[in-house]
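Subject: Handover of a structure, with notes

Dear colleague,

Please find below the structure that I am passing on to you. My notes on it follow, and I would be grateful if you read them with the structure open.

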Amino acid sequence: MNIKKILLLSVFVTFISCFSYKKHELNEDTRPNVIVILIDDAGYVDFGFMGSKDLETPNIDRLSKSGVVLTDAHVSSTVCAPSRAGLITGKYQQRFGFEANGTGSKESGELGLDNNVITIANVFKQHDYKTIALGKWHLGYNKEDHPNNRGFDEFYGFLTGSRSYFPLEKVSAKNMLQQNGKRVEFKGYLTDVLTDRALSFVEENNESPFFMYLAYNAVHTPMHAKKEHLEKYSNHPRQKLAAMTWSLDENIGRLINKLESSGKLNNTLIFFLSDNGGATTNQSTNGALKGFKGNQFEGGHRVPFIVHWPKSIKGGRTYDGLTSSLDIFKTSIVAARIKEDESWQLDGVDLLPFFSGEKQTAPHEKLFWRKIGNSAVRIGNNKLISLRGYGNVLYDLKEDIGESNDLSKTDFQTYNRLLQEYKNWEIEMIEPLWEEGSYWKQRNHEIHKNLMNNLFRDVEGMKAFSKN
């Protein structure tokens, strides 16, 4: 072979090598996977990383130790369905009239998500992410409300707000475990079954990034646990909750291990949180926080919250700024390098520059809550709670996290400022499209009678109200 041919061959080989390298570079998708692990009705202190002494959560604690624990984190509602509506849309659910539980059908007068609202799954799917919703949906039963019509390539879960953790003999379209509308008959324990599908989904998606909304129904009632876990905690004063929590933790550990063994953990942005405060029906505890699920005290909407993304967020620390579940949408799309559309009208913020120290202020100066007659506004450390027809209370959370010292009769300037800020916010919202489910319409008078006597004085008096 002469010199000329050798030179030509060398140039050709070099060209092919460069082309192959550039092609690999262009096809390599370094955008993070995003997983939202949303648990149900968990108590604020019912995890090791939150200070629990009697409930064991070693895997969730491991996630917290390598992530950031948000100490002043809140959801946008004190009950399941509207909280999920806010999270999945990144904006106050009152903007589209979704304010209470009792989601149903057009016939019942109880609707799901507004047809025009954009979900986080819609955005990720439009940007070539594979999307899946697992577990509890609780965002409406109409055809247009189905997760497959809300941006999810796959739905592996159930539509209603709760169901048995074990197989049912009789099922409805609402409570059956389904995969894209078709019933899935399963054996075993539902928390395990949901995780099994989550692990398979991780295995299936090596070529493109994915968005996973993993909404466990644990530790919501009914209080169903596996036999071996009940035996493990046979002498525990909160036996069923301890057993359910242990199973939940085991399964989150399985997911973390799968991500780690597949090389995905480092570049997977994980959010872990509860959908509202601990309920009175499952023996959960909220520690020093006053209130429970369903009311506007801190125990109703302040939640345990972990953000974990080893590639880009320094872990092993806490973050004390005021944060919200509304921030998940904005933070996720920024991490995925997706440009925000102003029409989405997001109320959440990108948390990444606050974690990095680029921004020194709190992510939110103000947060607002409203659910059928009761409301709250938080500005800085001050919080005003109102119940229509019964009055208002004002607290300084920095000095009084247990909300026991009402300042509404002494600090008029702060009181009036917060009241006006709430009124300004409410102007931007719309009236709720439905009130509560039929049960709550019947119970409304009795609940308000109890509230009149007990709401601002006694946590025990909130128990009836917090069951919704």
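Predicted model: local features only at pLDDT ≥ 70, side-chain atom pairs only at ≥ 80, totals over all residues.

The average pLDDT of the protein chain is 90, and 87% of the residues score at least 70. Over residues 6-27, however, the pLDDT is below 50, and this stretch has 1 contact in the model beyond near neighbours in sequence. Residues 438-449 also stay under 50, and the model gives them 9 contacts beyond four places in sequence.

Overall make-up

The protein chain contains 13 helices and 16 strands. It has 468 residues, of which 59% count as buried. Among contacts with a separation of 6 or more, 69% are between residues 24 or more positions apart.

The open sheet

An open sheet is formed by 10 strands, in the order β7-β6-β5-β4-β8-β1-β9-β10-β2-β11, with mixed pairing. The strands at its edges are β7 (182-183) and β11 (317-319); each has a single partner strand, so one side of each has no neighbour in the sheet.

With β2 (residues 68-70) it runs antiparallel, and 2 bridges join the two strands. Valine 68 has valine 307 as its bridge partner in β10, while valine 69 is partnered by isoleucine 306. Strand β9 (residues 268-274) also pairs with β10 in the antiparallel sense, over 4 bridges. There, isoleucine 270 stands opposite histidine 308. Which residues of β10 point one way, and which the other? Phe305 and Val307 point one way, Ile306 and His308 point the other way, and all are buried.

Helix α5

Helix α5 (residues 190-204) has 15 residues, which at 1.5 Å a residue should span 21 Å; its end C-alpha atoms are 21 Å apart, in agreement with that value. The helix is mostly covered, with 11 of its 15 residues buried. Among the buried residues are Leu190, Val193, Leu194, Leu199 and Phe201, and also Asp192 and Arg197. The elements that cover them include the strands β4 (130-136), β5 (154-158), β6 (178-179) and β8 (210-215), together with helix α7 (239-261).

In soluble globular proteins, nonpolar side chains tend to be buried together. In this model the largest nonpolar core has 54 residues, and those with the most contacts inside it are Leu70, Phe211 and Tyr213. Apart from it lies another core, of 52 residues, including Ile35, Tyr44, Leu63 and Met244. Setting aside residues up to four places away in sequence, phenylalanine 211 touches, among others, Val34, Ile120, Phe124, Tyr129 and Phe152.

Tyrosine 129 lies in the loop between α4 (120-126) and β4. Is tyrosine 129 buried or exposed? Its relative accessible area is 2%, so tyrosine 129 is buried, the limit for that term being under 20%. Beyond its neighbours within four places in sequence, tyrosine 129 is in contact with residues including Arg31, Pro32, Asp153, Pro209 and Ala336.

Threonine 323

Threonine 323 belongs to strand β12 (residues 323-324). This residue counts as buried because its relative accessibility is 0%. Its contacts outside four places in sequence include Leu70, Asp72, His74, Leu351 and His364.

Backbone details in the loops

The loop between β8 and α6 (227-232) contains valine 219 and proline 222. The peptide bond from alanine 218 to valine 219 is cis, with omega near 10°. Another cis peptide bond joins threonine 221 and proline 222, with omega about 5°.

Asparagine 180, in the loop between β6 and β7, has a positive phi of about 55° although it is not a glycine. Asparagine 180 is partly exposed, with a relative accessible area of 34%. Glutamine 283, in the loop between β9 and α8 (298-301), is not a glycine either and has a positive phi of about 65°. At 44% relative accessibility, glutamine 283 counts as partly exposed.

Yours sincerely

Conventions:
Residues numbered from 1 in each chain as written. Heavy atoms only, no water. Buried < 20%, exposed > 50% of the residue type's maximum accessible area, 1.4 Å probe, protein only. Contact = heavy atoms within 4.5 Å. Expected span 1.5 Å × (residues − 1). Core = buried A, V, L, I, M, F, W, Y, C linked by side-chain atoms within 4.5 Å. pLDDT = per-residue confidence, 0-100. Pairing = 2+ DSSP bridges.
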